[in-house]
Structure formats: C-alpha cells, structure tokens
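Subject: A structure for you

Hi there,

Here is the structure I promised to pass on. Have a look at it first, and then read my notes below.

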Amino acid sequence: MATHVVENIPVSFAVTYAIMNKERYEGLSEEHRAIIDELAGLPMSLKLAESFDGADERSRKMIADADKDYEWIVVSDEERARMDAAVAKGLDLIFADYESRGISNARAIYTALND
C-alpha cells in the first residue's frame, strides 16, 4: 500500500497509437475507411491529449477522497533541476547506445514524441 505522494518529479509518458493490418483496412467499406482516415493522425492525437487535461486535479481529488493518511512531498525546484539533469545524462547514454547499434535518429524520435 502506498504511503507517500510525491509531486514535481520528472515523469515519463507512454506513446499511444492505434494500428491496423493493411489487409483489414483495405477490406473495409469505403465509408468505414473514410471514418478511420478522418480520425487518424492529428485528430486522434489531439483527442488523446485532451484526456490529460485536468489529470492532476482529478488525481489530487482521488487521493484526498481515499481517506488515507498519505505523506505529501513536494520536490523543490532545485532538486527537480538535479533530477532533470540526471535524466538528461541517462538519455544521452541511451542515445549513444542506439547510435552504436546503427540507430542514428533515436534522439530525433524521442524529441518528436516529447515536444
């Protein structure tokens, strides 16, 4: 059981995507392909991003409503900067590893997903 809540820490976001087998897609009616085409890409991305709007407030309310005695910790901005620097250093190592294996655009992919 959790006993602490910690705020102001680096977080990781999972990439969300939907894929469909090409043959299945081509087997759909024109009407159904048009629906997928209309919603795929940026419209889907924006709708998924909306799902995060207000997430912090909803989480705080859920924690408060849980009627548990959590210790609430807010990491200082200075400590957060140290964490961010450590994460950046770790990412540099990961990107270097990918580059050593011939994947030269890992940093660009990461940046595109996280901007």
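Before the rest, a word on where the values come from. This is a predicted model, in which local features need pLDDT of at least 70 and side-chain atom pairs count only at pLDDT 80 or more, while totals for chains, interfaces and linings use all residues. Residues are numbered from 1 along each chain as its sequence is written, and side-chain values use heavy atoms, with hydrogens and water left out.

**Overall layout**

The chain has six helices and two strands, these being DSSP runs numbered from the N terminus (H or I and at least four residues for helices, E and at least two for strands). Along the sequence they come in the order β-α-α-α-α-β-α-α.

The radius of gyration of the chain is 20 Å, whereas a compact globule of 115 residues would have one near 13 Å. That radius is taken over C-alpha atoms, and the globule rule is 2.2 Å times the number of residues to the power 0.38. Along the principal axes, the C-alpha atoms fill a box of roughly 55 × 45 × 25 Å.

Of the 115 residues in the chain, 4% are buried. The accessible surface comes to about 9800 Å², with 57% of it belonging to carbon and sulfur atoms; these areas come from the Shrake-Rupley method with a 1.4 Å probe, and for residues only the protein chains shown count as cover. As for contacts (heavy atoms within 4.5 Å), 66% of those between residues at least 6 apart in sequence join residues at least 24 apart.

**Salt bridges**

Side chains of opposite charge can pair when their charged atoms come close. The structure holds seven salt bridges, each defined as a side-chain nitrogen of Lys or Arg within 4 Å of a carboxyl oxygen of Asp or Glu.

- K61 pairs with D65, and their closest N and O atoms are 2.6 Å apart. The two are separated by about one helical turn because they lie four residues apart in helix α4 (residues 55-65). D65 counts as exposed, at 52% relative accessibility.
- E79 pairs with R82, with 3.1 Å between the closest N and O atoms. About one helical turn separates E79 and R82 too, because they are three residues apart in helix α5 (residues 77-100). E79 is partly exposed at 29% relative accessibility, while R82 is exposed at 59%.
- D92 pairs with R107, and the closest N and O atoms are 3.0 Å apart. This pair links distant parts of the chain, with D92 in helix α5 and R107 in helix α6 (residues 106-114), 15 residues apart. D92 is partly exposed, with a relative accessible area of 40%, and R107 is also partly exposed, at 38%.

While you are in helix α6, you will find A108 there. A108 is partly exposed, with a relative accessible area of 49%.

**A nonpolar patch**

Which residues form a nonpolar patch on the surface? They are V6, I9, V11 and I73, with about 290 Å² of accessible area together. Patches are made of residues with over 30% relative accessible area and no salt bridge, where like charges are joined within 9 Å and nonpolar side chains (Val, Leu, Ile, Met, Phe, Trp, Tyr) within 5 Å. I73 sits in strand β2 (residues 71-74) and is partly exposed, at 32% relative accessibility.

**Two backbone angles**

N8 is not a glycine, yet has a positive phi, near 70°. N8 is in the loop between β1 (4-7) and α1 (22-27) and is partly exposed, at 27% relative accessibility. D67, which is not a glycine either, has a positive phi of about 55°. D67 lies in the loop between α4 and β2 and is exposed, with a relative accessible area of 71%.

Notes:
Buried means under 20% relative accessible area, exposed over 50%, partly exposed in between (1.4 Å probe, protein chains only).
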